[in-house]
Amino acid sequence: MKKKILSLVALVAMTLSFGQSWTQQNSGIPLADGGVRDFSIVDANTAWITFYDGSNQTYPRYVANTTNGGTTWTAKLVSSLPSSALISDIHAFDNNNAYIVSAPASGTTANGLWKTSDAGSSWTKVSGIFNNSSFGNIIYFWNNSEGIVIGDPVGSKYEMYKTTDGGTTWNTLSTAPSPVNGDEYGYVGGKVSYGDHLWLTSNTGRILHTADKGLTWNSYIAPIDDFAGENSSGAMSFSSENYGLIVDNTGWLWVTEDGGSNWELKDAQGYYTADIKYIPGSANTFVSTGLNVYESEYGSAYSNDGGKTWVNIDFGVTLADARINTSALDCNTIYTSNFATSTGQGGILKLNGTIPGCTLAVNDQTLTKVELKAVVNNGILNIVTNKDVKDILVGDMSAKTLASSTTKFVNVSQLKSGVYFARVAYVDGSNSTIKFVIK
């Protein structure tokens with residue numbers, strides 16, 4: 001269901017610098033009052049965004065992308081969308097190929113899944129996705145082959161479709177969960193991912209969780225009544241299949257260590273309440289943005305210890321610069337949204353440099369101690385180790401699983417050139433991670 005965006009009046013406050021800073025980028029969208037709602041970051045250079053309109057409280061039918069790390073963004077109208085449609089969510093594979101989900105801003109005929117193969121110049125609707133009584137919310141791919149599209153409940157189940165061939169065919173997901181009552185619905189872009197795991201948020205405060213790419217679902221009760229309501233809201237992020245944080249609009253920070261089944265208050269301060277994001281590939285680094293309700297000031301902060309302690313990035317920024325939605329590729333590529341300062345100007349902030357102390361979960365020195373090597377030859381990854389291997393997962397910096405094996409050899413011939421990571425689970429219960437390059 002559409003999340004309401006409230007118009008905000010800019011307040012001027014003193015800006016303090018704490019070693020890191022954000023650089024404003026221009027989205028190029030022809031709006032004087034609005035900003036970025038969703039990011040889909042492909043790599044250090046390539047990213048896509050969707051928008052909201054702060055004046056009319058709607059979602060404009062525009063997307064934008066960059067191929068130079070945000071130095072320039074190219075905004076394009078998705079003219080094929082019905083005039084009554086809003087863009088709910090986006091997932092990009094590269095600069096040319098991406099999907100968006102649409103839903104009705106009014107009426108009942110604007111639901112759909114759309115694909116571009118020419119960098120957003122044209123979009124084609126995918127047939128058979130959504131019926132008129134649903135509301136499209138989410139598009140997500142675990143890898144280049146497996147993806148899911150999700151809409152509000154229709155009858156006794158959420159409307160879900162899954163692909164295992166990169167979107168060539170989509171099938172109704174028969175294992176989709178049921179709503180807790182007739183009034184439950186999800187939120188546009190209301191998803192959190194880690195590895196094979198996906199968590200969904202709802203207006204009842206219920207969390208839906210799959211650990212196997214949608215085959216089965218669990219239901220948990222969050223410590224908040226609603227994830228995007230008028231009086232109750234919260235942002236959630238996970239740094240592993242078990243460890244996650246929720247920050248709510250009243251200023252509480254909650255932690256789970258069992259995948260979301262149970263939550264406890266975390267004794268911490270210095271974080272912000274609009275959004276919270278785990279930095280993929282890091283040991284346990286989170287970024288928090290928005291309003292610090294205890295100080296009544298806007299800004300951002302980071303934590304390298306899972307939310308126990310926080311360090312300000314900036315503090316006391318103007319309300320017009322409030323960091324509402326945040327997304328990260330790794331320790332070096334982090335975006336957050338702000339308000340457009342005038343037509344085509346502003347709307348995006350990018351963090352300068354690397355967050356201090358943000359490091360990969362396992363460093364090279366640790367890897368040397370466990371005698372672990374990765375060798376790629378003729379499309380096969382060979383894990384060389386003196387320990388017995390249970391299984392291997394291969395992924396990129398976004399923690400998406402791209403290949404797997406129960407031996408020391410993994411077929412990686414389908415992966416393009418780039419940097420990847422192999423997480424090696426040993427028979428003795430320990431595990432290690434190693435970086436390797438495909439040329």
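Tutor: Happy to! Searching the whole structure turns up 1 cavity of 30 Å³ or more; a cavity here is a set of points, on a 1 Å grid over the protein atoms alone, where a 1.4 Å probe fits but cannot get out. This is a predicted model, in which local features need pLDDT of at least 70 and side-chain atom pairs count only at pLDDT 80 or more, while totals for chains, interfaces and linings use all residues. Residues are numbered from 1 along each chain as its sequence is written, and side-chain values use heavy atoms, leaving out hydrogens and water.

The largest cavity holds about 50 Å³ of space, a volume being the space filled by probe spheres set on the grid points, which are joined across faces, edges and corners. Its lining (residues with an atom within 4 Å of a point) includes Asn-137, Asp-152, Tyr-187, Leu-200 and Thr-201. Strands S11 (136-141), S12 (147-154), S15 (186-194) and S16 each supply at least two lining residues; strands are DSSP runs of E, at least two residues long, numbered from the N terminus. By type, the lining divides into 5 nonpolar, 5 polar and 1 charged, with Ala, Val, Leu, Ile, Met, Phe, Trp, Tyr, Cys and Pro as nonpolar, Asp, Glu, Lys and Arg as charged, and the others, Gly among them, as polar.

S16 (residues 197-202) pairs with S17 in the antiparallel sense over 3 bridges, where pairing takes at least two DSSP bridges. The two strands form a hairpin with 3 residues between them, and Gly-205 in the turn has a positive phi of about 80 degrees. S17 also pairs with S18 (residues 218-221), antiparallel over 4 bridges, and here Leu-208 stands opposite Ser-219.

S17 (residues 206-210) is largely enclosed by the rest of the structure, because 5 of its 5 residues are buried, meaning under 20% relative accessible area with a 1.4 Å probe and protein chains only. Arg-206, Leu-208 and Thr-210 point one way, Ile-207 and His-209 the other.

Ile-207 is also among the residues with the most contacts inside the largest nonpolar core, of 30 residues; such a core is a set of buried Ala, Val, Leu, Ile, Met, Phe, Trp, Tyr and Cys residues joined through side-chain atoms within 4.5 Å.

Methods:
Buried < 20%, exposed > 50% of the residue type's maximum accessible area, 1.4 Å probe, protein only. 1 Å grid on protein atoms, 1.4 Å probe; cavity = no way out; pocket = protein on both sides within 12 Å on 5 of 7 lines; lining within 4 Å.
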